[in-house]
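Dear colleague,

Please find below the structure that I am handing over to you, with its sequence.

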Amino acid sequence: MTIWLAALAASSAMTASVAAPPFKNWGGGEILWDSFGVPHIYAKTEEGGFYGFGYAQAQNHGNLLLRIYGESRARAAEYWGQKYERQDKWLVANDVPARSILWFNQQTPQMQKNLDAFAAGVNAYAAAHPDKIAPDVKVVLPLNGVDIIAHAQRLMNFGYIASDRKVLVDPSTNEAGGSNAWAVAPSRSASGKAMLLANPHLPWAPSQLTYFEAQITTPGLAVYGATQVGLPVLRFAFNKDLGFTNTVNTMLGFTSYKLTLKGNGYRFDGKTLPFRVVTKTYKVKQSDNTLKTVSFEQKSTVHGPVFTLPDGNTTIALKVAGLDRPGVLEQYLAMGKARDWGAFEKALRKMQVVMFNIIYADRAGHILYLDNGLLPKRPQGDLAYWSGLVPGDTSATLWKDVHSYDDMPKLLDPATGFVQNANDPPWLATWPRALDPKSFPAYVAPVGPMSQRAQMSVKLMSQTPKISFDDFVSRKLTTTSLMAERMLPDLFAAAASSTDADVQAATTLLKGWDHRFEPDSRAALLFETWAGLFAPKNFTNQSNYAVKWTLDDPLETPRGLKDPVAAVAMLKEAVGKTKQLYGAIDRPFGDVSRFHIGDVSVPANGGFGNTGVFRTITWGPMKNGERTPVHGETWVSMVEFSTPMKAVGLMSYGNSSQPGSRHNSDQLQLLADKKFRTLWIDRADVEGHLEEKTAF
C-alpha cells in the first residue's frame with residue numbers, strides 16, 4: 001500500500017492542477033452578504049451551496065485560503081521557498097498527497113460533486129476578481145476537490161492529531177487551542193427550552209485555524225455557524241431544530257513506537273525485519289526562482305513511517321489513527337443536516353471525526369456530551385504511557401483497531417440538566433459528577449487535574465436551579481478569576497504581619513479589587529503577575545498550593561498556600577515585575593491589554609483561562625506599549641431553541657482577513673463592550689441588513 005500511495009503522490013501535482021468543471025454544473029443561487037460580512041448562501045442544489053460557500057470564503061479570505069491549500073498540497077516550498085520545506089517533507093513522508101487522491105475517490109458521488117463545486121467557487125471568485133488575490137498565491141490556482149480533502153486530512157490527522165512538532169519534538173504540544181461549551185436542558189432552563197454555547201479559543205493570527213461564519217441553505221440543509229477557513233462544511237453549527245459544537249479533548253490518536261535497530265532492519269517479535277523503503281521527492285523554490293528537487297528515502301515498518309528524533313539517536317515509527325476513514329467532512333455535513341436526535345446520533349456513529357468533544361442540544365430537549373474521537377484500542381497502560389515512546393519491538397503493543405461510539409464516555413440527558421466542557425477530561429462534564437474514570441480504560445483520558453477555567457464553567461452552570469437566556473449570556477461574559485477568589489484571602493492573611501512597603505501597597509490594592517479582568521481594573525495586572533510566579537508553566541504548576549487538585553474535591557482544589565512566607569515574597573517580587581512590565585502596579589488593565597487590529601484599538605477585557613477566567617484571552621508579550629490576544633475568544637454563538645429561536649454571536653476578529661476589508665476588525669468594539677450581535681437566521685432579517693448580493 002505504501003508503494004502504491006507513493007506512486008500516486010508522484011502524480012498528485014498534476015491532479016491538483018486540473019481545472020475544475022465549469023460553473024454551469026452546480027446549479028443556480030445567490031449569496032446575500034449582511035452588514036458584518038457574513039454570507040447567507042441560498043442554492044437550488046446541495047453542490048450549489050458548496051459552490052457558493054467556496055466563492056464566499058475566497059471573497060473574505062482569498063489570500064489565506066490559497067496559501068492554506070498550497071501548504072496542504074505539500075507544495076508550499078515549491079511555491080514560496082525554503083521556510084516551508086520542513087512541513088512539506090512531513091506531509092510527503094506521511095503520504096498525505098497520495099492519500100488525498102484515494103480519499104477523494106472514496107467519497108460518495110454526491111460528496112465528490114460537493115468538493116469539486118466548493119473548489120470551483122474559489123476558482124470562480126479568483127477569476128472574476130484577479131485584483132483581489134495576492135500575486136504570490138495565484139500559483140495555487142486552480143483548485144479541485146482533491147485539494148479540499150487534502151486540507152481536511154492535513155488539518156485533522158496531521159495537525160490536530162499528529163503534527164510534526166507533536167510527534168518529533170514534544171508530545172504535550174497543543175497546537176489546537178481550547179474552547180468552552182455548554183448545553184442546558186429544559187429542566188434547567190427558565191424558558192423550558194434547551195440552550196447551547198459554542199465558544200472556541202483559537203489563534204487570532206490568520207492561519208488554518210481562523211474561523212469563518214456563514215449560513216448555507218440548500219435542499220435538505222439549512223445551517224448557520226462557523227468553520228475553519230478552507231473547510232467546506234460548518235463544524236460549529238445550528239439549525240432551527242438542533243445545534244452542536246466542539247472542544248479540543250485529550251484524544252491521543254497516534255503512537256510513537258521506539259524501534260530497536262539491527263543491521264539494516266529492526267527487531268520485531270524476536271526477528272529482524274527489513275524496512276520498506278520508498279524514494280520520495282518535493283521541490284523547493286530557490287532565491288533565483290529556480291526549483292530544486294529534493295529526494296529522500298522514506299523507511300517504514302509494520303507500524304508506519306520511520307523518523308529520527310532531534311537527538312539524532314532515537315528512531316521511531318509513527319502510527320496514526322483514522323487514515324482509513326476519509327469521511328470527516330461528510331460526517332459534519334450529516335450532523336448539520338440532522339433535524340432530530342436520532343439522525344444526529346446516526347451521524348455520530350460514522351466515527352469519522354478524529355477528535356474533539358461534541359456538545360449538543362435540540363428543540364426536543366435533548367442534550368449530549370460526547371468524548372468523541374478515534375481512540376486506538378490499546379492492550380494496557382494509561383495516557384502517560386502511550387503519550388511517550390512505546391516499545392516497537394513487539395506485536396503486543398501494536399494496536400490494530402479503534403474504539404466504537406458505544407465505548408466512548410458520554411452523557412445524554414443527565415439528571416443534572418446541563419453538560420459543559422472547557423478542555424478538561426470528561427469526568428466533570430456535569431455536576432454532580434456522573435462519569436467515573438474507573439469505568440473506562442486508563443488511556444481514554446487523564447483523571448485530572450481539572451483546570452480552574454473548567455471549574456469556573458461548572459460553577460457558572462450550577463449557580464441557580466434555573467437559567468434564563470439572559471443569564472446564559474451574562475455568565476458567558478464573566479471575567480472573574482476563580483484563582484483570585486480562592487487564593488487572595490489566604491495571601492492577605494499571610495501578608496497581614498508584613499511591614500514591607502511594597503507588600504502593604506500590593507495588599508491594599510488587591511483588597512479593593514473585585515477579581516475581574518476589566519479595562520478599569522487596577523489590580524488585575526498585579527494579580528496576574530503574582531499568579532504567574534505562584535503557579536508557573538502558564539498558571540498550571542501546583543507545587544505551591546497546600547492542597548493539590550483531587551477528583552474527590554474537584555471544584556475547590558487546588559487551594560491554600562503551601563509556604564505562606566514564600567507566597568508573600570512572590571507578592572513583593574510581583575510588585576517589582578509589574579512596575580517593570582507595565583510602569584506601575586495599579587495601571588488600568590485596559591491601558592495595556594488591547595483588542596487591536598489595523599486602525600482599531602480598544603481597551604480589552606478577559607484573562608488567562610488557567611487563572612479561572614471563563615472569558616478567556618491569552619495575552620501576548622508587551623510590544624510597543626501594549627499586548628494583544630494570541631488566542632482566546634474567537635467565534636461565539638449562543639442559541640435557545642424557543643419560538644422564535646434566540647441566537648446571538650460574535651466573530652471577535654471579524655469575518656474577513658483580506659487586505660482592505662471593512663470586516664477584519666468591525667466587531668472589536670462589540671467585543672470590548674461585551675455585546676453580541678443578533679444572528680440573522682431568517683431571510684427577511686438578512687435582507688433588512690443587506691450589504692451586497694452575489695448571484696450565481
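Two strands are said to pair if DSSP finds at least two bridges between them. Please bear in mind throughout that this is a predicted model.

**Strand pairs and sheets**

By that criterion, strand S13 (residues 276-285) and strand S14 (residues 291-300) are a pair: they run antiparallel and are joined by ten bridges. S13 and S14 form a hairpin, with five residues between the two strands. In the turn, Asn289 has a positive phi of about 75°.

An open sheet of three strands has the order S10-S11-S12, with antiparallel pairing. Strand S10 (261-262) and strand S12 (271-274) are at its edges; each has a single partner strand, so one side of each is left without a neighbour in the sheet. S10 is joined to strand S11 (residues 265-268) by two bridges, in the antiparallel sense. Here Leu261 stands opposite Tyr266 in S11.

Another open sheet has ten strands, in the order S20-S18-S17-S8-S7-S6-S5-S2-S1-S31, and its pairing is mixed. S20 and strand S31 (690-695) are the edge strands, each pairing on one side only. On average, and with direction ignored, neighbouring strands of this sheet are turned by 15° against each other. Within the sheet, strand S7 (residues 236-238) and strand S8 (residues 242-247) pair over two bridges in the antiparallel sense, and the bridge partner of Phe238 in S8 is Gly243.

Helix H2 (residues 46-72) lies across several strands: strand S1 (29-34), strand S2 (39-43), strand S5 (211-218), strand S6 (221-228) and S31. The helix runs at about 155° to S5.

**Helix pairs**

Two packed helices are described by the angle between their axes and the distance between the axes. For helix H6 (residues 109-128) and helix H7 (residues 145-161), the axes come within 7 Å and cross at roughly 100°. The two helices are therefore roughly perpendicular to each other. H6 contributes Leu115, Asp116, Phe118 and Ala119 to the contact, and H7 contributes Gly145, Ile148 and Ile149. By class, these residues are five nonpolar, one polar and one charged.

The axes of H14 and helix H16 (residues 524-534) come within 12 Å and cross at roughly 80°. That angle makes H14 roughly perpendicular to H16. On the H14 side, the residues that meet H16 are Met483, Ala484, Met487, Leu488 and Leu491; on the H16 side they are Phe527, Trp530, Ala531 and Phe534. The contact of H14 with H16 has nine nonpolar residues, with no polar and no charged ones.

Ala531, which lies in H16, is buried, with a relative accessible area of 0%. Leaving aside neighbours within four places in sequence, Ala531 is in contact with Met483 and Phe539. The C-alpha atom of Ala531 is separated by 17 Å from that of Arg587, which is 56 residues away along the chain.

**Buried elements and residues**

In helix H12 (residues 452-462), nine of the eleven residues are buried, so this helix is largely enclosed by the rest of the structure. The buried residues are Gln452, Arg453, Ala454, Gln455, Met456, Ser457, Val458, Leu460 and Met461. Their cover includes helix H13 (469-476) and helix H14 (482-495). Strands also take part in covering them, among them strand S3 (178-184), strand S4 (195-203), strand S21 (418-421) and strand S22 (545-547).

In helix H4 (residues 85-93), the buried residues are Asp88, Trp90, Leu91, Val92 and Ala93.

Finally, Thr416 lies in the loop between strand S20 (410-412) and S21. Is Thr416 buried or exposed? Its relative accessibility is 17%, and buried means under 20%, so Thr416 counts as buried. The side chain of Thr416 reaches the backbone oxygen of Phe418 at 3.4 Å. Apart from neighbours within four places in sequence, Thr416 is in contact with Arg188, Thr430, Trp431 and Pro432.

Yours sincerely

Technical notes: Residues numbered from 1 in each chain as written. Predicted model: local features only at pLDDT ≥ 70, side-chain atom pairs only at ≥ 80, totals over all residues. Heavy atoms only, no water. Buried < 20%, exposed > 50% of the residue type's maximum accessible area, 1.4 Å probe, protein only. Helix = DSSP H or I, 4+ residues; strand = E, 2+ residues; numbered from the N terminus. Contact = heavy atoms within 4.5 Å. Axes fitted to C-alpha atoms, helices over the stretch in contact; angles between N-to-C directions. Parallel < 35°, antiparallel > 145°, perpendicular 65-115°, else oblique. Nonpolar A, V, L, I, M, F, W, Y, C, P; charged D, E, K, R; others polar. Polar contact = N/O pair within 3.5 Å; in protein donor to acceptor, adjacent residues only side chain to side chain.
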